Amino acid sequence: MSDAVVSKFEHAFAEWLGVRHAFAFWKGRVAMYALLRALGISAGDEVILPGYTCVMDVNPIKYLGARPAYADIDPATYNAAPENVERAITPATKLIVAQHTYGYPCDMDALTDVARRHNLVLIEDCCLALGSTWRGKLCGTFGKAAYWSFQWNKPLTTGVGGMATTDDDALAGEIRKLRQAEMRPVGGKSAAVLACQRAVYRAAIWPRTTAVATRMFRWLTRKGLVIGSSSTSEFEPRMPEGFFRGMSAGQARAGLAQMRKIGRNIAHRREMRLIYDELLTAAGWPLPSLPDHVDPVLVRYPVRVADKQRAVAEAPGRGIELGTWFECPLHPIETPMELYDYHAGMCPVAERACREVVNLPTHGRAGRRTAGRSAAFVAGIGRAPEDR
Ligand SMILES: *Cc1c(COP(=O)(O)O)cnc(C)c1O
């Protein structure tokens, strides 16, 4: 029974994206792991990704004994700058991960070209980029494959959840074999706890209460009492027990319900970006300089402030839903970065972004009023100096 609803979600998602294959997993990081395995990434291989990412993106690389190599970002889009990606290539490089940060599309012309010239595989991290387009084509349809996260904070949510997508029949065959051989079902207890959390989430998390809820959520997660996005065992570059798990029927049902609203979800986030562009430009921020042929759909609206610590400290008391992505090059701040081969100073543009950027909500519970209050709040903090 559960298999039927999961494959229904997979089909719906593949159809929306316009690709032949989609494979649902317990989390986005598990989808990434499945792709790395199916692509044959193994010990000694190098994988290039931006030095402005989530540790959960680096874990699957480390689990396989492969090495992450970090490319510094473009300060306008927060995406790995193609020239830095090219500079990070060594004879051991096998794979480039194009992470569409906040939903801003990577320069897919340049990255596709770099990958082709060096005979490397390119995949896309679409965890934050549902509906963004580059030259009118959806992010997730450029690389050999893509992966998606449906965690609480992501554009489409099933509580936790993830998907791997590809148009490549051979790669899809490898993923299918891997699932058959190694994937474990989600335990009944995990699925039940997650179902409760989905209900609490729907009822409780509104912009004014999110900061408190998030802190509570993180605390409970550390105590191992909820299915958070990350337990402490996931801050170690060693694969935790039972990591490679599929998606439960409850997650898939939530995903299918979200698929019915996907058009509205994307249109709303697109409109919210334009509203923030307008409000923040009026407050003195420079408009992000983007090429004409991109249409970003942002999961959160990033903005550089003069005093991030102060902004983060004051936001909850003012009822402002202020995000901290990314707190360090391998978000979150708890990440022991040396264990992930990141050394301070490796990606100075990203490190500066970590010190300056906070982000504002674009989700369905936030509208023009929230945008106005949020923009006024960051205007009160002031903008980061522009001396690049
Ligand atoms: C959320 C996220 C992930 C991991 O997704 P999970 O579903 O939490 O495993 C990976 N990469 C990026 C950029 C993300 O934002």
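Which residues of helix α12 are buried?

The model is predicted: local features need pLDDT of at least 70, side-chain atom pairs count only at pLDDT 80 or more, and totals for chains, interfaces and linings use all residues. Residues are numbered from 1 along each chain as its sequence is written, and side-chain values use heavy atoms, with hydrogens and water left out.

Let me begin with the overall fold. The protein chain has 13 helices and 14 strands; these are DSSP runs numbered from the N terminus, with helices being H or I of at least four residues and strands being E of at least two. Its radius of gyration is 20 Å, close to the 21 Å from the globule rule for 388 residues, so the chain is as compact as a globular protein of that length. That radius is taken over C-alpha atoms, and the rule is 2.2 Å times the number of residues to the power 0.38. Along the principal axes, the C-alpha atoms fill a box of roughly 55 × 45 × 40 Å.

Of the 388 residues, 57% are buried. Here buried means under 20% relative accessible area, exposed over 50%, and partly exposed in between, with a 1.4 Å probe and protein chains only. Contact means heavy atoms within 4.5 Å. Among contacts between residues at least 6 apart in sequence, 76% join residues at least 24 apart.

The accessible surface comes to about 16,300 Å², and 54% of it belongs to carbon and sulfur atoms. These areas come from the Shrake-Rupley method with a 1.4 Å probe; for residues, only the protein chains shown count as cover. As to charge, there are 49 positive and 39 negative side chains, and the centres of the two sets lie 8 Å apart. Lys and Arg count as positive and Asp and Glu as negative, while His and the chain ends are not counted; each charge is placed at NZ of Lys, CZ of Arg, CG of Asp or CD of Glu.

I return now to helix α12, residues 348–356. Its buried residues are Ala-350, Glu-351, Arg-352, Ala-353, Cys-354 and Glu-356. They pack against β12 (300–304), α11 (308–314) and β14 (357–361).

Strand β12 is itself mostly covered, five of its five residues being buried. Arg-300, Pro-302 and Arg-304 lie on one side, with Tyr-301 and Val-303 on the other. Five bridges join β12 to β14 in an antiparallel arrangement, and Pro-302 stands opposite Asn-359 in β14. Two strands count as paired if DSSP finds at least two bridges between them.

Two further pairings deserve mention. An open sheet of three strands has the order β8-β7-β11, with antiparallel pairing. Its edge strands are β8 (137–138) and β11 (294–295), each of which pairs on one side only. Two bridges join β7 (residues 133–134) to β11, and the bridge partner of Trp-134 is Val-294. By contrast, strand β2 (residues 46–50) runs parallel to β4, joined by five bridges. Ile-48 stands opposite Ala-69 there, and four of the five residues of β4 (residues 67–71) are buried.

Next, the backbone geometry. Most residues other than glycine have a negative phi, and most peptide bonds are trans. Where are the cis peptide bonds that I wish to show? One runs from Trp-325 to Phe-326, with omega near -10 degrees, and Phe-326 lies in the loop between α11 and β13 (330–331). Another runs from His-331 to Pro-332, with omega near 0 degrees; Pro-332 is in the loop between β13 and α12.

That loop between β13 and α12 also holds Asp-341, a non-glycine residue with a positive phi of about 65 degrees. Asp-341 is partly exposed, at 25% relative accessible area. Tyr-78, in the loop between β4 and α4 (82–87), likewise has a positive phi, of about 70 degrees. Tyr-78 counts as buried, at 5% relative accessibility.

Finally, consider Ala-98 in strand β5 (residues 93–99). Its relative accessibility is 1%, and Ala-98 therefore counts as buried. Leaving aside neighbours within four places in sequence, its contacts include Cys-106, Met-108, Leu-111 and Leu-122.
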